[in-house]
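Here is a short report on one helix contact and one set of paired strands. The sequence and the model come first.

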Amino acid sequence: MSDGIYFNQSHKNFRTEVRKFLHQHAVPNIERWESERKVDRAFWQALGQTGWLGIAMDSKSESQEASWDIFHGMIFLEELGRLGSAGLRTAIAVHSHMTLPYLTKLADVHTREMYLHSAIRGDKVAALALTEPDAGTDLNALKLSAQAQADGFVLSGHKQFVANGTECDFFVVLARTSEATQSRFGATGLSLFVVDAHAPGVHRTPLNCLGWHSADVAELKLEQVFVPKSHVIGKVGQGFQLIVKGMQLERLSAGVMALAANRCCLEQTWHHLKSRQLGGASVSKYQVVRHAMAQLSTQQASIEQLAYHCAWSFEQGKMPMKEIAMLKVAATELHQEIVTQCAQFHGAQGYVDSHIFARFVRDSHVVKIAAGANEAMNDLIAQALENNPDMNL
């Protein structure tokens, strides 16, 4: 992505450092991780030594370097996205940007020492367990229960589509602590817990998804799993409010990584088009191809500016829910369009299973579902516009 007005020399130096690290430690292993359907522990630990797994922590947290801001975090996500492996970028981002931030301020000191600090070091892997077989977008339909006891809670139920699911050391789990009621403020009766993955009653089963192979996606079954009171994140009954806030960073991250993957697709396709000969000329010289690539690149550049604006607003302490939803929809819809068109430009080569574009195609559809289905995002956007038709102009 272009540097624009949002990135200073510190950011540029950081990008160089991250790119060098990933090309040394990740690129040689991506195919193996795709085959094994998980990222190995050696990479987590190497990444932990950089401190970047804590890059999404609040700037006032003891876990984060004072010199990092949200644009350092965006650069980290962008460089992950440019590797061309949605499974890898998902595994890391779920850990660093979608799970650990819940523990930064809301977990107690003992829980942070037990899980957060070791996760930032890469010694423990984190996962976020929200979706259930019969509940995803509608959080009020969640059924996994947390029954209160004198010294803690007993959790029972199922979760699905949990990235890092079989290899993680702990989950952040959204569970029902009281009956759901109708409320205009959203889902009710939900609470967040830290659940040790090695506790008695925790069962994990791999899910062989079409794409995201190295994301280690799994089903989670909890059978009478005891969780001490100290493992409650925030307050009992606050789960929905915490998830709504946390989802803004998750959706921003999803948009940024989709845009970075778009860059990877476009760059690789330009290289292919310039080297491929047709009728004695480079394919890139044919107008139908040039104009298609120009239009895709124009959409890409426009949405990148929306991403940077959302990040800047987030850094200012605002919660631009409508704009972040717009970003998530626009970036992921464009991602599928770019993958489809660029795969077409690769011809039969892009249809070979070992070709990187075969992986792009496998991975592309789920970006419109993860972090909130685009249909739900469009409804959120429409509701915001209905309440404020002038769009703050």
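## Helix packing and strand pairing

The axes of helix α4 (residues 70-81) and helix α7 (residues 239-275) come within 7 Å and cross at roughly 45 degrees. Axes are lines fitted to C-alpha atoms, for helices over the stretch in contact, with angles from 0 to 180 degrees between N-to-C directions. This is a predicted model: local features need pLDDT of at least 70, side-chain atom pairs count only at pLDDT 80 or more, and totals for chains, interfaces and linings use all residues. Residues are numbered from 1 along each chain as its sequence is written, and side-chain values use heavy atoms, without hydrogens and water.

α4 and α7 are therefore oblique to each other. Angles under 35 degrees count as roughly parallel, over 145 as roughly antiparallel, 65 to 115 as roughly perpendicular, and the rest as oblique. The α4 and α7 crossing is right-handed.

From α4, Ile 70, Met 74, Leu 77, Glu 78 and Gly 81 take part; they meet residues of α7 including Leu 252, Val 256 and Cys 264. Contact means heavy atoms within 4.5 Å. By class, the contact of α4 with α7 has nine nonpolar, two polar and one charged residues.

Strand β5 (residues 190-196) is mostly covered, with six of its seven residues buried. Buried means under 20% relative accessible area (1.4 Å probe, protein chains only). Strands pair if DSSP finds at least two bridges between them.

| Strand paired with β5 | Sense | Bridges |
|---|---|---|
| β4 (residues 170-176) | antiparallel | seven bridges |
| β8 (residues 232-233) | antiparallel | two bridges |

Val 195 in β5 is the bridge partner of Phe 171. Leu 192 stands opposite Ile 233 in β8.

How values were computed:
Buried means under 20% relative accessible area, exposed over 50%, partly exposed in between (1.4 Å probe, protein chains only). Helices (H or I, at least four residues) and strands (E, at least two) are DSSP runs, numbered from the N terminus. A crossing is left-handed if the near helix is turned anticlockwise from the far one by less than a right angle, and right-handed if clockwise. Ala, Val, Leu, Ile, Met, Phe, Trp, Tyr, Cys and Pro count as nonpolar, Asp, Glu, Lys and Arg as charged, and the others, Gly among them, as polar.
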